[in-house]
Amino acid sequence: MTASIIPLEARKIAQRFGRKVVLRAVDLELQAGEVVGLIGANGAGKTTLFSILTGLMQPDSGSLRLGGSFLEDLDLGARARLAYVAHGVQLYPGLSARENLELYAALRAAAGASTLASAEVLARFGLAEAAEGRVSAFSRGMGQRLALARAVAGAPELLILDEPFTALDRAGRELLVEVLAEERARGAAVLLSSHDHAMLVRIADRVVSLERGVIAGEVRRDDASELGEGSFAARAAALWSGAEATEG
Amino acid sequence: MGLWRQTWLLFASELRQELRSFEVVATAAFYSLVMLALFALSLGVLPRDAQVAAAPGALWLSVAFVGALTLTRVFDREREADTLRALLCAPVQRLAIYFAKGALVLVVLAVAVAVLVPGLALLFPAASALLERPWLTAGLVLLGCIGYVAVGTLFAAGLATSGGKNVLIAVILYPLTTPVLMLNLVATRALLEHHPDVNAYLGRLAAVDVILVGVGAWLFESLLVGAVGTRRRRA
């Protein structure tokens, strides 16, 4: 039986591109059933970190363990428990929404992983009527919904989202908050980055700040609750201000 | 079984998208016609002996150009939609991506060759052996294209995920595929000259294909995500 890929344990992850040091020594942990928001200025290295955490890029140094195993040692069954929604939707424009989902479902089935029925997932994300439409005709927001649907359809243990609120309308944002709450209740670990402070604070259990290549600060909802309602948002806002002050 | 199932799924998806647009196939076929027209104008009056020497070169030069065009466009689509990176995150065997992409490029080259071979046989009467021995020709051309595709798919995929510019596909591809193309050319000439050991040339092509596909499969993941040396990087 494929072992769980949670917790995620990243230790001293470092990455440079030429002379530019993007990540210096990032330490990050994710546990089951928590939503962690990652904030940082433009160019702070959030997307680079996500690429490393999902195996798209090898770090220059550092270690990454999922469920106690190194990422490169995970078999296909374990990889099926990881879902990543990148900043771009990464969908086949020549296929319909249903075909995009069914392709991934079939690929997962060949790897021994199950997937929710495409009709059910499309309906959940408000795309039932657009199921047969070509993705090339979708708006950016519809594409974002479909990308999120594809990620969630596999019931992942670890869900990594790079600015998922981008291009979503108000209904889409509310839907995503609902979905992430459901994922958390299901026991998934969720890591997401966003410049949408308000939405992030609504859903995250913890907000961490990436500055100058390291995790520079952290605010936990549990800590803030002892200080009264709204304190988590205020402390997250302070962390946000600090992170964005390092931009440029 | 999982590998071949995933290979088939990816190939079928690629083929479905191509059949809806015919973008790459139409371009390959049209480009092949253009090559034939140019060869007709420039080489059409060659004496018979020279035709036997020229026809193989014309065929494999055309395959090289059409192949580079096809590889560029096939992976351009992936780059534009960033779907290759999505596949790398999914529980998909990397080799399935390699074989599926290679199969698609091979299908497109087959369409191009289906235009080129009869066209060249018409242009160069001395090359009529290409049509007189159709199964031998088909086997030779198929084996030749497999070798080309094995190398081309490997490096085109690497460039697609590394952010390399499209022009690099051609710059890198031509020198790397030249040995394969030269072997194909020699084998084709042997066919046209009715060489008694032409089957031996097919055997050599098949052996080279096995090596190239094996090396390509071995290097594919490394080229995509830099897996080589990963274990040395653990803290």
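Just after helix 6 of chain A, residue A:G187 adopts a positive phi of about 105 degrees; helices (H or I, at least four residues) and strands (E, at least two) are DSSP runs, numbered from the N terminus. The model is predicted, and local features need pLDDT of at least 70, side-chain atom pairs count only at pLDDT 80 or more, and totals for chains, interfaces and linings use all residues. Residues are numbered from 1 along each chain as its sequence is written, while chains are lettered from A and ligands numbered from 1 in the order in which they are written.

Helix 6 of chain A comprises 17 residues (residues 170–186), which at 1.5 Å a residue should span 24 Å, and its end C-alpha atoms are 24 Å apart, in agreement. The expected span is 1.5 Å times one less than the number of residues in the helix. The buried residues of this helix are A:L176, A:V179, A:L180 and A:E183. They lie on the same side of helix 6 of chain A because they cover an arc of only 100 degrees around the axis, the arc being that of the directions from the helix axis to the C-beta atoms. A residue is buried if 20 or more other C-beta atoms lie within 10 Å of its own, exposed if 12 or fewer, and partly exposed in between, with C-beta atoms placed from the backbone. On the other side of helix 6 of chain A, the residues A:R170, A:A171, A:E178, A:E182 and A:A185 are exposed. The buried residues of the helix pack against strand 3 (35–39), helix 5 (140–153), strand 7 (158–162), strand 8 (189–193) and helix 7 (197–203) of chain A.

The domain assignment of chain A gives domain 1 (8–81 + 156–245) and domain 2 (94–155); such bounds come from an automatic or database domain assignment. The centres of the two domains, taken over C-alpha atoms, are separated by 24 Å. In this chain, 15 residues of domain 1 are in contact with 15 residues of domain 2, where contact requires that the C-beta atoms of two residues, placed from the backbone, lie within 7 Å. On the side of domain 1 of chain A that touches domain 2 of chain A, the largest share, five residues, comes from helix 6 of chain A. The residues of that side divide into ten nonpolar, three polar and two charged. In this classification, Ala, Val, Leu, Ile, Met, Phe, Trp, Tyr, Cys and Pro count as nonpolar, Asp, Glu, Lys and Arg as charged, and the others, Gly among them, as polar.

The contact between the chains takes 32 residues from chain A and 26 residues from chain B. Strand 1 (8–17), strand 4 (61–66), helix 2 and helix 3 (97–110) of chain A each give two or more residues to the side of chain A that touches chain B. Helix 3 of chain A supplies the largest share of that side, six residues.

The largest nonpolar core holds 163 residues, of which A:L146, A:A149, A:L158, B:V63 and B:L120 touch the most other members. Such a core is a set of buried Ala, Val, Leu, Ile, Met, Phe, Trp, Tyr and Cys residues joined through C-beta atoms within 7 Å. Leaving aside neighbours within four places in sequence, B:L120 is in contact with B:A55, B:A58, B:L59, B:A127 and B:L130. In helix 3 (residues 48–81) of chain B, B:A50 is found; B:A50 counts as partly exposed because 13 other C-beta atoms lie within 10 Å.
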